[in-house]
Amino acid sequence: MKRIVILCCTALLLMVLFNACKKKEVTGLPVFTLDEISGERLWNRIAVETDYKTYRYWPGHEGVQPGQSPHGIFHRVFANSMLVDSLPIQDRKAPYGAIIVKENLSIDKELNQITVMAKVEGFDPEHNDWFYAAFDKGGNVLAEGAPDGCVNCHTGMRDNDYIIIQALDKPLP
Ligand code: HEC
């Protein structure tokens, strides 16, 4: 009996410790304005002011998933609370302040590149105001702004606010 009590207490303690250590997403930061958005600022937001690994996975698309060209063979897609908390979105328009982070992984599931979309009011009204950026794993900016490559390909999903992985109005799993 004593042993069972000790075991239960240890399990409980471990659970409490685990939850205390699990980092939570920092929320409530001001959304980017047109004047301040840049690749560098965006990296700072997802890797310093917040840690994108504390964001939630795109609902229904959790963990490592197979990807398509030109991104990685595998990927993981995270989105900040501002976006995830508003899903499903009936009019398929993500809110300003939404940030989507995609880790592009190699065939060995090693991190290659990080591609990001951030919705910034007034940035590119013709294409729903998405600011695109690509980073190497050290945070060096490889592409930023509205590069033709990113915009043209994502335009295929114009009706879903340029987001490809999932319909914004899909009911949550
Ligand atoms: C040739 C087409 C193509 C180009 C070019 C492209 N993407 Fe994508 N992107 C995709 C596809 C397809 C997906 C869906 C996930 C997957 O299969 O990898 C995607 C998904 C994403 C996502 C996750 C959100 C979503 O829309 O599903 C982000 C973020 C992203 N791309 C950023 C970028 C950035 C930044 C660039 C430019 C540097 C870029 N993409 C260029 C095809 C493209």
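**Ring pairs and the iron site**

Biologist: How many aromatic pairs does a search of the whole structure find?

Modeller: The structure is a predicted model, with local features needing pLDDT of at least 70 and side-chain atom pairs pLDDT 80 or more, while totals for chains, interfaces and linings use all residues. Residues are numbered from 1 along each chain as its sequence is written, and side-chain values use heavy atoms, leaving out hydrogens and water. Rings of Phe, Tyr and Trp (its six-membered ring) pair if their centres lie within 6.5 Å; planes under 30 degrees apart count as stacked, over 60 as edge-to-face and the rest as tilted. Searched over the whole structure, the number of aromatic pairs is four.

Biologist: Why is the pair of Tyr57 and Phe78 classed as it is?

Modeller: The ring centres of Tyr57 and Phe78 are 4.9 Å apart. Their planes meet at 25°, so the pair is stacked.

Biologist: How many residues apart in sequence are the parts that Tyr57 and Phe78 tie together?

Modeller: Strands (E, at least two residues) and helices (H or I, at least four) are DSSP runs, numbered from the N terminus. Tyr57 lies in strand β1 (residues 56–57) and Phe78 in strand β3, so the parts they tie together are apart in sequence by 21 residues.

Biologist: Is Phe78 buried or exposed?

Modeller: Buried means under 20% relative accessible area, exposed over 50%, and partly exposed in between (1.4 Å probe, protein chains only). Tyr57 has 26% and counts as partly exposed. Phe78 has a relative accessible area of 3%, so Phe78 is buried.

Biologist: What kind of aromatic pair do Phe123 and Phe131 form?

Modeller: Phe123 is partly exposed at 24%, and Phe131 is buried at 3%. Their rings lie 5.1 Å centre to centre with 65° between the planes, and the pair is edge-to-face.

Biologist: Which residues coordinate the iron atom of the ligand?

Modeller: Donors are N, O and S atoms within 2.8 Å of the metal (3.2 Å for Na, K and Ca); water is not among the atoms, so sites may look incomplete. At 1.9 to 2.1 Å, the iron is coordinated through NE2 atoms of His71 and His154.

Biologist: Where in the chain are His71 and His154?

Modeller: The two are 83 residues apart and link distant parts of the chain. His71 is in the loop between β2 (65–66) and β3 (74–79), and His154 is in helix α4 (residues 148–154).

Biologist: What is the arrangement of the six donor atoms around the iron atom?

Modeller: Six donors count as octahedral if opposite donors are over 155 degrees apart and all others between 65 and 115. Around the iron atom the angles are 87 to 179°, which makes the arrangement octahedral.

Methods:
Tetrahedral: all angles 85-135°; square planar, octahedral: opposite > 155°, others 65-115°.
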